[in-house]
Amino acid sequence: MFIENKKVRWIIIFCSIALALYIALPNFYPKSDFFSGKKKINYGLDIQGGIYLVMKANVEEAMHARMQKKISILKSDFKDEEIKFKSIEFKKKSLSKIIIQLSDNNKDKVKKTLKKIHNDLQILLEKPSSLELSYYEASLSIYKKQVVEQSIEVVRNRIDAFGVSEPQITAQGSDRILIQLPGVENADQAKELIHRTATLNFRPVYEEVTTDTLQKWVSKVETKNKFSLGTEKSIRLAKNAKIHLLKYRQYIKQINRNLASKLPKNTKLIFQKPPNAKTLEAGRIPFLIKTDNDLSGAYLETARVGSNEYGKPQVNFRFNIQGQKRFAKMTAANIQKRVAIVLDDIVQSAPVIQEEINSPTARITLGSAGDIKETLKEANFLATALRAGALPVQLEQLEERTVGPSLGSDSIKKGKLAGMIGGLLILLFILGYYRGLGVVANIALTLNMLFIIAILTSLQATLTLPGVAGIILTIGMAVDANIIIFERIKEELAKGAGFRSSVRNGFSQAFAAIFDANITTAAVCVVLMYFGSGPVRGFAVTLISGIITSLFTSVFISRSILEMKILNQSKRT
């Protein structure tokens with residue numbers, strides 16, 4: 001097992017040390033220009049502080065959207081199969097059940113089509129003129145899980161784009177997401193990026209109702225029902241006011257609900273911020289858009305920040321092939337009409353289409369008001385959110401904590417001092433007890449620490465307090481390994497054996513015990529890494545890294561140094 005060729009052995013040792021120094025040194029000189037841009041160890045939330053958020057995914061909203069889409073598909077499939085029906089709609093007071101009102105006594109044909117094409121639906125209730133349907137429970141559970149997993153993936157992509165190292169984003173229960181962002185200082189920016197829904201749509205504008213008429217309808221409904229659009233701050237401050245202030249999404253729902261009898265079929269009322277208004281709450285232009293004809297952001301290929309002819313920032317994006325075809329079809333069908341670019345139910349712009357646009361690229365202008373830096377920041381955020389994709393559901397923030405290091409800066413300083421004193425005492429004790437062999441052991445322990453830091457740096461693993469505990473445990477195991485080896489060597493020397501044979505027999509006898517102890521610990525680490533998450537996995541990563549470096553330094557490097565000493569003694573004699 002041991003490499004007999006001394007030259008190869010020392011080449012491996014020197015290359016390993018050189019590589020470890022190259023990787024680990026930036027951690028000791030973080031402010032040096034020479035090491036700027038190099039990888040460093042990531043510290044967890046408990047060591048460097050950061051943001052702790054708990055979000056709730058609105059799974060019911062996703063279910064409702066899925067059922068709406070299913071109703072639309074059912075209508076289309078029945079049309080293709082030439083099956084007549086009176087209506088397909090939600091069951092009253094239930095958003096998870098569908099009622100099909102039949103016609104022409106064609107129940108058997110409908111059931112056959114459902115079984116053939118929509119076998120994820122089950123028939124709950126069967127009447128002579130209607131069928132009540134719902135998704136199978138297993139299908140619903142899988143879909144809810146997928147919604148949460150997709151939300152986690154989108155949040156992770158956005159956080160990665162924000163530049164946070166090793167964020168911890170995990171599901172908590174059936175509909176909650178735990179987000180830990182170590183080292184984040186600008187909490188507002190991070191939260192804004194997470195919360196942004198970034199649902200992009202291109203929708204034709206319904207122009208038969210004028211803007212003035214829409215303004216009158218909105219004013220009348222607001223006055224009659226005593227509600228208006230508010231900011232988060234104004235909503236907090238006006239809890240007991242006579243006018244009920246609503247967030248934008250709630251406001252849109254309320255307006256459309258109250259105007260349902262006036263709005264044409266398949267249209268929706270949303271708003272645009274005027275170019276000179278600072279916020280949507282300060283002024284808004286109503287738009288009536290068609291909801292049965294749209295092109296969504298799902299067809300986007302990429303989104304980047306660019307600038308227009310006046311040097312103002314804008315977001316340029318590119319469609320994939322299907323998106324380009326749909327964009328061309330939509331613009332061809334709406335020549336000399338307005339098509340609104342809608343982001344999260346807010347109209348960004350609504351240009352008049354002059355001709356069919358068969359191009360893969362388009363742009364979103366961000367208005368001319370405000371500071372150019374703010375506009376650029378908004379453009380960067382928007383491009384990042386579009387690239388990461390839209391959240392499948394709205395996330396509601398349940399908890400937010402800006403946390404400091406768990407131990408506090410004084411405790412960390414004292415911990416470092418205690419660690420240095422403890423380490424020094426161990427080195428002195430080994431040196432005093434084993435003398436010459438102690439020097440070899442101390443070299444092995446020092447190199448062991450260097451290799452652990454290098455591995456953690458190269459893996460970009462997050463070091464948390466449990467991870468620090470793993471390093472300390474590793475050092476203890478490395479000391480144990482050296483003691484086992486040197487005690488065997490001392491026993492051999494006490495029997496009267498020569499130094500060369502004592503070293504060889506000592507390492508041979510100790511290796512089995514050291515290997516057994518480390519391999520069982522490594523097996524536990526693999527289990528912890530597979531089933532654990534967050535700090536538990538961090539502990540396992542540091543411990544398994546320490547096991548590898550401990551075996552390398554205690555067995556390989558220590559023996560090489562001792563054999564070099566034996567060789568030098570032989571040359572002198």
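The model is predicted. Its largest nonpolar core comprises 42 residues, and a nonpolar surface patch of about 720 Å² is also present.

**Nonpolar cores**

- Within the largest nonpolar core, Ile179 and Ile194 are the residues with the most contacts.
- Helix 5, spanning residues 137-162, gives the most to this core, contributing 8 residues.
- Another core, of 40 residues, lies apart from the largest one; among its members are Leu456, Phe486, Val541 and Phe556.

**Surroundings of Ile179**

- Leaving aside neighbours within four places in sequence, Ile179 is in contact with Ile51, Tyr52, Leu53 and Met55, among others.
- The contacts of Ile179 also include Val155, Gln168, Ile169 and Ile194.

**Helix 14**

- Helix 14 runs over residues 465-494 and has 30 residues.
- From its first C-alpha to its last, helix 14 reaches 43 Å, close to the 44 Å expected at 1.5 Å a residue.
- Glycine 496 follows helix 14 and has a positive phi, near 100°.

**Nonpolar surface patch**

- The patch is made by Leu417, Ile421, Leu424, Leu425, Leu428, Leu431, Val439 and Ile443.
- Helix 12 (408-434) and helix 13 (436-459) each supply at least two residues of the patch.
- Helix 12 provides the largest share of the patch, 6 residues; Leu428 is located in helix 12.
- In general, an α-helix has 3.6 residues a turn, so residues three or four places apart point the same way.

Conventions. Residues numbered from 1 in each chain as written. Predicted model: local features only at pLDDT ≥ 70, side-chain atom pairs only at ≥ 80, totals over all residues. Heavy atoms only, no water. Core = buried A, V, L, I, M, F, W, Y, C linked by side-chain atoms within 4.5 Å. Buried < 20%, exposed > 50% of the residue type's maximum accessible area, 1.4 Å probe, protein only. Helix = DSSP H or I, 4+ residues; strand = E, 2+ residues; numbered from the N terminus. Contact = heavy atoms within 4.5 Å. Expected span 1.5 Å × (residues − 1). Patch = residues over 30% accessible without salt bridge, like charges linked within 9 Å, V, L, I, M, F, W, Y side chains within 5 Å. Areas by Shrake-Rupley, 256 points an atom, 1.4 Å probe, with all protein chains shown as cover. Salt bridge = Lys/Arg side-chain N within 4 Å of Asp/Glu carboxyl O.
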